[in-house]
Amino acid sequence: MTITITAFEKSPDGGKGLARDTRVRWALEEVGEAYEVRLVSFSAMKEPAHLAIHPFGQIPTYEEGDLALFETGAIVFHIANRHAGLLPDNTNARARAITWMFAAVNTIEPPILELVTARILEGDKPWTQERLPLIRDRIRNRLEQLSVHLGGDDWLDGPFSAGDLMMVSVLLRLRPSGMLEEFPKLAAYVARAEARPAYQRAFAAQLAINDPARQ
Ligand code: GTB
């Protein structure tokens, strides 16, 4: 059955791979599933046809036969659950890998999104300059805890899993801030994940659409 995902017609990041379709592409590449991409504009995302598959009018979505999904955590879990390679077979190890998926979107991503919102959407507000150090410290606190957990290991819990895929996708959003480099173990963890052939293919596929040199 054909898998179709949606992505920005023109990503605001100009092909840096930070829009969330990259994590879905990456999961599909890791398990060796072919997929098609439907590009949508910001206005098309708010039209009834798109809202019918994404109630919040966003990308990415995932369609496969009569199944339509939104929310990258759920999409990546669906992919990982149906194919070998992204979740361990052992019941407890699988539960721990899924826990890391939730930790990525529920514990690590929120303060990172706060920073993005403060810098990009609230940059002109009088309170932003005062708030930024507080937000950065909140992020540093989580990064420190994550770094301690990772220690000298390559991945969060045994072999690379959907938990690492989600965590690295979330951490990559920090790259423009330079904060990742403050935590060498995490910087190396992200670099290790980015070096995976599946990530490279996913990155190249989104860049082929968004590369400013092509516009
Ligand atoms: N929780 C949802 C999920 O994980 O699927 C969040 C989905 C989401 O935020 N989608 C964004 C979107 O559709 C695109 S990825 N926004 C349009 C809208 O809400 O109208 C977020 C994103 C956007 C831009 C960059 N960038 O340019 O660097 C990075 C990430």
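Q: What makes residues of helix 4 "buried", and which are they?
A: Buried means under 20% relative accessible area, with a 1.4 Å probe and protein chains only. In helix 4, Thr72, Ile75, Val76, His78, Ile79 and Ala80 are buried. The model is predicted: local features need pLDDT of at least 70, side-chain atom pairs count only at pLDDT 80 or more, and totals for chains, interfaces and linings use all residues. Residues are numbered from 1 along each chain as its sequence is written, and side-chain values use heavy atoms, without hydrogens and water.

Q: What covers the buried residues of helix 4?
A: The cover includes helix 1 (21-31), strand 3, strand 4, helix 5 (91-121) and helix 7 (162-172). Helices (H or I, at least four residues) and strands (E, at least two) are DSSP runs, numbered from the N terminus.

Q: Why is Pro133 called partly exposed?
A: Its relative accessible area is 43%. Pro133 sits in helix 6 (residues 128-150).

Q: How do you know that strand 3 and strand 4 pair?
A: Two strands pair if DSSP finds at least two bridges between them. Four bridges join strand 3 (residues 61-64) to strand 4, so they pair, and they run antiparallel.

Q: What makes strand 2 and strand 4 edge strands?
A: The open sheet has four strands in the order 2-1-3-4, with mixed pairing. Strand 2 (36-40) and strand 4 (67-70) each pair on one side only.

Conventions. Buried < 20%, exposed > 50% of the residue type's maximum accessible area, 1.4 Å probe, protein only. Contact = heavy atoms within 4.5 Å.
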